[in-house]
Amino acid sequence: MSTSLSQFIPLLPEIFVLVMVSLILIIDAALGDSKRYVSYALSLLTLAGATFLTLQDFSAAPLVTMGGLFVDDPLSDVLKLFLYLSVAVVMVYSRDYLRQRGLYKGEFFVLALFALLGMMVMVSASHFLTLYLGLELLSLSLYAMVALQRDSSVATEAAMKYFVLGALASGMLLYGMSMIYGVTGSLALADISQMLADGTDLRIPLVFGIVFIVAGLAFKLGAVPFHMWVPDVYHGAPTAMTLFIGSAPKIAAFAFVVRILGQGLESQLTEWRDMLVILAVLSMAVGNLAAIAQTNLKRMLAYSTISHMGFMLLGILAGSNNGFGSAMFYVVVYTLMSLGSFGMILLLSRAGFEADQLDDFKGLNRRSPWLAFLMLLLMFSMAGVPPTVGFYAKLAVLQAVVEIQYIWLAVVAVLFSLIGAFYYLRIVKLMYFDQPHDTSPIETGIDVRLIMSVNGIAVLAFGVLPQPLMAVCVHAIGASL
Amino acid sequence: MFGFPILTLVIWVPILAGALVLATGSDRNAALARWIALAGSVLGLIVAIPLITGFDVATSNMQFVEKQPWIEALNVHYHLGVDGISMPLILLNSFITVLVVIAGWQVIQDKVAQYMAAFLIMSGLINGVFAALDGILFYVFFEGMLIPLYLIVGVWGGPNRVYAAFKFFLYTLLGSLLMLVSLIYLYFQSGGSFDIQTWHTTTLGMTAQTLMFFAFLLAFGVKVPMWPVHTWLPDAHVEAPTGGSVVLAAITLKVGAYGFLRFILPILPDASQEYAWFVIALSLIAVAYIGLVALVQADMKKLIAYSSIAHMGFVTLGFFMFNPLGLEGGLVQMISHGFVSAALFLCIGVMYDRLHSRQIKDYGGLVNKMPVFAAFFMLFAMANAGLPATSGFVGEFMVIMAAVKVNFWFAFVAATTLIFGAAYTLWMYKRVVFGNVTNPHVEEMQHVNAREILLLGVLAICVLGMGLYPKPFTDVMHVSVVDLLAHVAQSKLP
């Protein structure tokens, strides 16, 4: 192993984020509550710096470094850029909400940035060890973030549930990894891929290992039947944390799945495809059906997340570059919509009031036609109705599924998305057809409104011109796998 | 011929005008919103005029074609073009949009800008449906138009509007999602193309054709609407504001029928021949049975809604006779029904604005108070009943002629519409217009104003003009229809 410094260059964004988060940790300790904006600004600066470094070192082809632990390829660079953007938007949306609830503390920034670091490691991992390290860094930060509101029993309960089930999932994942290690004698994805492609006699341990890994992944994604934690955590966590959990980690989870299934176990496609089919169908069914019965918007969106993850799995299970590309497009689009819709809850909340009941959206069109219009776009996009970008995400994964001749699966998927359309339409109905019962003015900063407008309009703009975003995803997958 | 992209203008002028109207904001600027909407809709009609003047009736090729790559990752193109089938429909839509804007001028006082914007945007999207030659582009317009229509029914509709809006949206979405899967399947069968004209020559096995036939049939059948998936229409019609009903009846139903001609017949000719009996049976049930249902309606809007279903049954019947007369008859019937149903819904709107009731029993003796209106109403009622010299007669007569050629009994059942149609329309007319004034509120009803006379007068000219001299319409369609039938006659089995 060479010890030259050049092998650290691909890691510069990670190193930078680590240094900055340590700095913020120290600086923030010396800041009073009135100077918290310094941490806020430093956090955004960190994201800007990381964006700059990632763009500087944008790779055209995969570059494996650190003795096979770390890979810098177009996929990781593109996904990292989306991660930075998503975390930055979360920080802007959450600011007022956290301040009003006494959660606007250094811990939030530090935990969010540590979670980001974990996600960056996951996205760039080419080894089971780094994958697991990244995942744990992310997960532990998230557990703490959910529990940050320590005097709220609901949040504490959610954190506990999240922690116990998350630890169980990590255990399963580790167990599966150890079996794969037993079969192949390596933890590096490239070696495993090579070894399995050559064929092995140890079919039974291999299949067992795959089952455990898929189960662990399903846990992290929140796919049915490993979804129990999702509604409770989404509902119980402070909305700002729900926003965080519901956005960037989905991108990281996608990368995690693609690295393991697409780069390590791609020769075992026939083994894991059927498992993913079951997960996808169940997720779409349970997610869409259970969402109908919800009266709490956060809980409804949690079930909607489950169904969206089911949809994303459709792209993954195709197992082709086309399929992974469509799943990546789906997850990026989903993140965009998720940011917008949870952000809207934050935007409508104020001190002592959570706008997380469906009825809080009643008559929004009378209170603020512009915000109602943005939410309308987001909801139709979630439902997959053109000309919003959500439609193209669905189109791309359906196309990948039809390509592998699973037409019945495409039919099942569209039927469940029809059911899904119902509860998104209900939000539109509440905003447009009903009278408001809460007429207090909506107080938010101009910057939050601006970002929200960009977020909502992006859903429409990428719907009219989806080509650039789709091309980025197709290119990233094509050049990396 | 024309250097600039006419179809793009036809689609985007109304949409951009709609966005502009939306920008006027709250009801304080309602007057401004109305005038911009009117200007936008008139401009939308003006930019569509070159489609007539520059149209070549001698060719069945697509005209005014525009083609740009749109989503390269999926090989989707921004591909537009019209033939003799779609061109008249675009004009009809652009024309009706102007009427709808005028019809909502005084009636709509709440959220005027949003109302006008929804109609303009929908008008642009519907033009897109008729002009799209790429499967995904078609789907985007086809689905996109649901959003404004959902809001129109739900926000400005009657008491049961929420139910109607949901039912309408989910019904139509069910059909179109299965169509989406078919479109993706066709993409792979045609070697990676979403081009509709390429699909016209793609070979397909019988099983695939059959499955796709029923998927498309559901998608377009719900929109037409065909019996037994028609139940959303009476609900949506009754609850929609006048403008919404006009657009629903005059335009959106045509989108479904248009889909038969652009997708089902040319792409799936063998399945179309095989299952023609099925569509014919459904069409005849719509004509005869729904005609009887219309007879017993107490609500005028519901009556006209059922009458629309019966008339659209004629359209699908004509299509599946597979001869030029039937197809052209169906197309003429589509245009004619666009005029007549729009006029009848406007008439009901005129009465509703004065009495705030749609129940037949609340009226009676209207001729004493509104003689001019009664005359217009008479003309449109006669057209709905298929009286010769009105446009309603031409299409029905052509379809019945075509049906006689195929099977006498088809024609026999179809011809019952001449009796039922006359019965339900004229009976309603009699109860509403003639007799003594029994409801004291009818005594207070005001004359039709200039705006209403303008609307009804323009439509009366269309109805009579098309009834007396339909040749320009059939000339435009003829070559395209013959070409379409050549596609249908050619087996695509591998």
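Let's start with A:L371, which, ignoring neighbours within four places in sequence, is in contact with A:M344, A:L364 and A:I442. Contact here means that the C-beta atoms of two residues, placed from the backbone, lie within 7 Å. Before I go on, the ground rules: this is a predicted model, local features need pLDDT of at least 70, side-chain atom pairs count only at pLDDT 80 or more, and totals for chains, interfaces and linings use all residues. Residues are numbered from 1 along each chain as its sequence is written, while chains are lettered from A and ligands numbered from 1 in the order in which they are written.

Back to A:L371, which sits in helix 16 of chain A. Helices and strands are DSSP runs numbered from the N terminus (H or I with at least four residues for helices, E with at least two for strands). Is A:L371 buried or exposed? A:L371 has 22 other C-beta atoms within 10 Å, so it is buried. The cut-offs, again with C-beta atoms placed from the backbone: 20 or more other C-beta atoms within 10 Å is buried, 12 or fewer is exposed, and in between is partly exposed.

One joins A:V224 and A:P225, with omega about 5 degrees, and A:P225 belongs to the loop between helix 8 (203-221) and helix 9 (229-236) of chain A. The other runs from A:P386 to A:P387, omega near 5 degrees, and A:P387 is in the loop between helix 16 (369-383) and helix 17 (389-403) of chain A. For context, most residues other than glycine have a negative phi, and most peptide bonds are trans.

That brings me to phi, over in chain B. B:F322 is not a glycine, yet its phi is positive, about 55 degrees. B:F322 lies in the loop between helix 15 (300-319) and helix 16 of chain B, and with 19 other C-beta atoms within 10 Å it is partly exposed. B:H356 also isn't glycine, and its phi is positive too, near 55 degrees. Its loop is the one between helix 16 and helix 17 (366-369) of chain B, and B:H356 is exposed because 9 other C-beta atoms lie within 10 Å.

Now the hairpin. Strand 1 of chain B runs antiparallel to strand 2 (residues 76-82) of chain B, and 6 bridges join them; strands pair if DSSP finds at least two bridges between them. B:K67 is opposite B:H79 of strand 2 of chain B. There are 4 residues between the strands, and B:N75 takes a positive phi near 60 degrees.

Next, helix 22 of chain B. The buried residues of helix 22 of chain B include B:E452, B:L455, B:C462 and B:M466. The face turned away carries the exposed residues B:A450, B:I461 and B:L468. Among the elements covering the buried residues of helix 22 are helix 4 (86-103) and helix 23 (471-489) of chain B.

How do the chains meet? 29 residues of chain B are in contact with 25 residues of chain A. Strand 1 (63-71), helix 6 (135-144), helix 7 (146-156) and helix 8 (161-189) of chain B each supply at least two residues of the side touching chain A, and helix 8 of chain B gives the most, with 15 residues.

Zooming out to finish: chain B has 23 helices and 2 strands. Its C-alpha trace spans about 70 × 55 × 40 Å along the principal axes, and 62% of its 494 residues count as buried. Okay, over to you for questions.
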